Amino acid sequence: MWSSPSFPSPQLQWGCNKEQSTSQQMDKVQTETKQAAVDMKDTPTRRRDEFVKTMQGQLDALNKDLDQLSAKIDSSSDAVKAEAKPKLQALRDQTAQLNKQLDDVKNATESTWDSVKAGFLEAYERDEGRVQPGRQWVSDKIAP
């Protein structure tokens, strides 16, 4: 007797494809879930916290520059000290104001984030730009 070759029945093939389809669907769900988890981590709060951390580092560097200027002023003549100390204090006051503004950034809501961030960046750039001329002025006044 002749026997037919054994091929999977069409129903079994559908079953395999269906299982593959289910497996593919599960992979897709897992991928989407992972992406959603990544998206949740990239929230406005996270971006704000990263901005605050970065800007706090910048403010720390600015304060370090001011401390270095202060040390140079302290080692200079009395005339230079008398002229430079008020200028240095003004820079320190501006930096203190930046620290207050950074606190506002820390407390910003989604609706106020853009304006608070823009205000801080404008003030930071203005104040940072004043430190370099101050450093140059002190260097010019202090004899090598």
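Reply: From the N terminus on, the elements of the chain run α-α-α-α. This is a predicted model, in which local features need pLDDT of at least 70 and side-chain atom pairs count only at pLDDT 80 or more, while totals for chains, interfaces and linings use all residues. Residues are numbered from 1 along each chain as its sequence is written, and side-chain values use heavy atoms, with hydrogens and water left out.

Me: How do you know how many helices and strands the chain has?

Reply: Helices (H or I, at least four residues) and strands (E, at least two) are DSSP runs, numbered from the N terminus, and by that assignment the chain comes to four helices and zero strands.

Me: What makes Arg 48 count as buried or exposed?

Reply: Buried means under 20% relative accessible area, exposed over 50%, and partly exposed in between, with a 1.4 Å probe and protein chains only. Arg 48, which has its place in helix H2, is at 16% relative accessibility and therefore counts as buried. Leaving aside neighbours within four places in sequence, Arg 48 is in contact (heavy atoms within 4.5 Å) with Val 105, Lys 106, Ala 108 and Trp 113. Of the 144 residues of the chain, 20% count as buried.

Me: Why is H2 called roughly parallel to H4?

Reply: Two packed helices are described by the angle between their axes and the distance between the axes. The axes are lines fitted to C-alpha atoms, for helices over the stretch in contact, and angles run from 0 to 180 degrees between N-to-C directions. H2 and H4 pack at an angle of about 20 degrees, with their axes 11 Å apart. That makes H2 roughly parallel to H4, because angles under 35 degrees count as roughly parallel, over 145 as roughly antiparallel, 65 to 115 as roughly perpendicular and the rest as oblique. Among the residues that meet here are Phe 51, Met 55 and Leu 59 in H2, and Phe 120, Leu 121 and Tyr 124 in H4.

Me: What makes a set of residues a nonpolar core, and which members touch the most others in the largest one?

Reply: A nonpolar core is a set of buried Ala, Val, Leu, Ile, Met, Phe, Trp, Tyr and Cys residues joined through side-chain atoms within 4.5 Å. Of the 23 residues in the largest such core, Leu 59, Leu 98, Leu 102, Val 105, Phe 120 and Tyr 124 touch the most other members. Helix H2 (44-74), helix H3 (78-106) and helix H4 (113-141) each supply at least two residues of this core, and the largest share, eight residues, comes from H2.
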